[in-house]
Amino acid sequence: MDPVHGPSGATMAEPQVVRSGSVDCRAADAVEQLAQALNPNGLSLVVLFLSPDTDVARLIDEAQRRFAPAQVVGCTSAGEISAAGYVEGEIVAIGFAQSHFQTRTILIEDLDSFDPHSVIERMIRNRSHMAQEPGRWISDFTFLLVDGLSTKEDALTSQLSVGLGPVAFFGGSAGDGTNFGKTYVLHGGQAHSNAAILIQVRSRCPIKVFKTDHLIPSQKRMVVTGADPARRVVHEINAEPAAREYARVLGKDPEQLTAFTFAAHPVAVQFGDQHHVRAIQRVADNDELVFFSAIDEGVVLTLAEPEDMVTHLEREMAALSAKGRPEIILACDCILRRLEAQQKQVSQDISRILRDNRVAGFSTYGEQINSMHVNQTLTGVAIYPPEEG
């Protein structure tokens with residue numbers, strides 16, 4: 001998937017089993033540029049990651065008509081990952097060739113009242129139908145895109161995991177830059193809020209679904225003593241106002257807490273023998289802390305210390321290429337990782353690694369892996385060239 005640059009500015013790729021492209025989101029002919037980059041003939045699915053500066057409703061309607069009969073899905077982002085690495089203000093498109101990918105999608109329209117049993121039944125039915133297709137299909141994965149401001153990702157991921165069977169599962173929460181105003185998922189030519197899209201994929205290509213973060217739990221622990229789980233708000237930590245106690249443990253001025261502070265000093269909770277990040281989004285009124293993930297009273301928070309981001313990402317990407325280079329890596333990368341890279345002035349190094357390893361995707365408000373909703377994590381799928389014969 002060696003990209004070139006077309007005369008109109010879109011990133012273009014040769015017609016392969018996975019095709020990718022990107023374009024300025026403000027371009028009047030953005031969809032046509034992406035169509036030229038992807039060569040839509042023979043695609044089963046197109047996934048779009050849109051800058052929040054995009055005219056979302058117009059773009060998805062036009063894209064669905066232009067790429068038909070392929071189905072078009074996607075979401076708004078907190079930043080995009082293209083052939084140049086970290087970018088902003090772009091639309092990134094990934095196309096899956098019908099010759100090598102079977103795909104089915106399920107739109108979950110209302111996360112407040114959907115019936116998980118009916119969704120699980122559709123998941124199982126889709127998997128059964130795909131299994132009956134003739135041919136040598138060797139791998140499966142399921143990909144979730146969900147409204148990143150819905151606060152429903154934890155429950156949704158846990159509920160859907162029942163219907164996954166042996167299929168690996170990952171996903172990302174739609175973003176709105178650093179505005180946290182409105183996020184959308186895209187399906188059927190329309191933009192939806194408080195919704196999610198489940199994308200089931202069966203392939204002739206080898207794949208590897210993965211999760212990685214560069215955070216190491218420390219010995220510093222705090223207890224949530226007051227919380228509103230429905231709003232993901234923590235009122236008190238160690239029986240003190242949450243923001244002020246978090247700042248005290250860090251040795252920081254509570255009046256100077258920013259998104260960069262939260263990116264550099266995340267907290268994690270332990271499930272079994274693993275720690276999962278529960279990232280802080282912002283400080284609210286009365287020194288409350290708003291989280292990106294589920295949080296409740298009695299939860300023990302462990303302060304995590306970051307490993308060097310560049311060294312860690314180079315090692316993780318090398319591991320994914322140990323037995324052969326992926327044709328593409330579809331990635332959901334937490335916005336806090338991007339903010340941390342900016343703060344530490346390593347964004348160019350991270351972009352280089354992403355570019356060199358053919359990573360495409362978006363920055364998220366949260367990530368999903370198997371039955372878990374996590375933060376400050378990179379989840380995704382590495383898709384390798386089809387095997388000979």
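Modeller: Helices (H or I, at least four residues) and strands (E, at least two) are DSSP runs numbered from the N terminus. The model is predicted, so local features need pLDDT of at least 70 and side-chain atom pairs pLDDT 80 or more, while totals for chains, interfaces and linings use all residues. Residues are numbered from 1 along each chain as its sequence is written, and side-chain values use heavy atoms, without hydrogens or water.

Colleague: How far apart are the end C-alpha atoms of residues 242-371?

Modeller: The unreviewed UniProt entry places the feature "domain: FIST C-domain" at residues 242-371; such annotations may be inferred rather than shown by experiment. Over this stretch the chain is 35% helix and 30% strand. Its end C-alpha atoms are separated by 28 Å.

Colleague: How many of the residues of strand 24 are buried?

Modeller: Strand 24 covers residues 328-334, and buried means under 20% relative accessible area (1.4 Å probe, protein chains only). Ile328, Leu330, Cys332 and Cys334 point one way, Ile329, Ala331 and Asp333 the other way, and all are buried. In general, side chains in a regular strand alternate between the two faces of the sheet. Strand 24 is therefore largely enclosed by the rest of the structure, the buried count being 7 of the 7.

Colleague: Which residue of strand 25 is the bridge partner of Cys334?

Modeller: Strands pair if DSSP finds at least two bridges between them. Strand 24 has 6 bridges to strand 28 (residues 378-383), running antiparallel, and there Cys332 is partnered by Thr379. Another 6 bridges join strand 24 to strand 25 (residues 359-364), and these two run parallel. In strand 25, the partner of Cys334 is Thr364.

Colleague: How many disulfides does the count give?

Modeller: A disulfide is taken here as a pair of cysteine sulfur atoms within 2.5 Å. The sulfur of Cys75 has its closest cysteine sulfur in Cys332, at 7.7 Å, which is too far for a bond. Cys334 is in no disulfide either, since the nearest cysteine sulfur, again that of Cys332, is 11 Å away. By this rule the number of disulfides is 0.

Colleague: What is the relative accessible area of Cys75?

Modeller: Both Cys75 and Cys334 are buried. The value for Cys334 is 1%. For Cys75 the relative accessible area is 0%.

Colleague: Which strand gives the most to the lining of the largest pocket?

Modeller: On a 1 Å grid over the protein atoms alone, a pocket is an open set of points with protein on both sides within 12 Å along at least five of seven lines, whereas in a cavity a 1.4 Å probe fits but cannot get out; lining residues have an atom within 4 Å of a point. The largest pocket has 17 lining residues, and Leu43, Ser44, Pro69, Gln98 and Thr103 lie nearest its centre. Strand 4 (43-50) and strand 9 (101-108) each supply at least two residues of this lining. The most, 4 residues, come from strand 9.

Colleague: Which strand supplies the largest share of the lining of the largest cavity?

Modeller: The largest cavity is lined by Arg127, Met130, Asp140, Phe141, Thr142, Val167, Gln200 and Val201. Two or more of its lining residues come from each of helix 3 (116-131), strand 10 (139-146) and strand 14 (196-203). The largest share, 3 residues, belongs to strand 10.

Definitions and conventions: Buried < 20%, exposed > 50% of the residue type's maximum accessible area, 1.4 Å probe, protein only.
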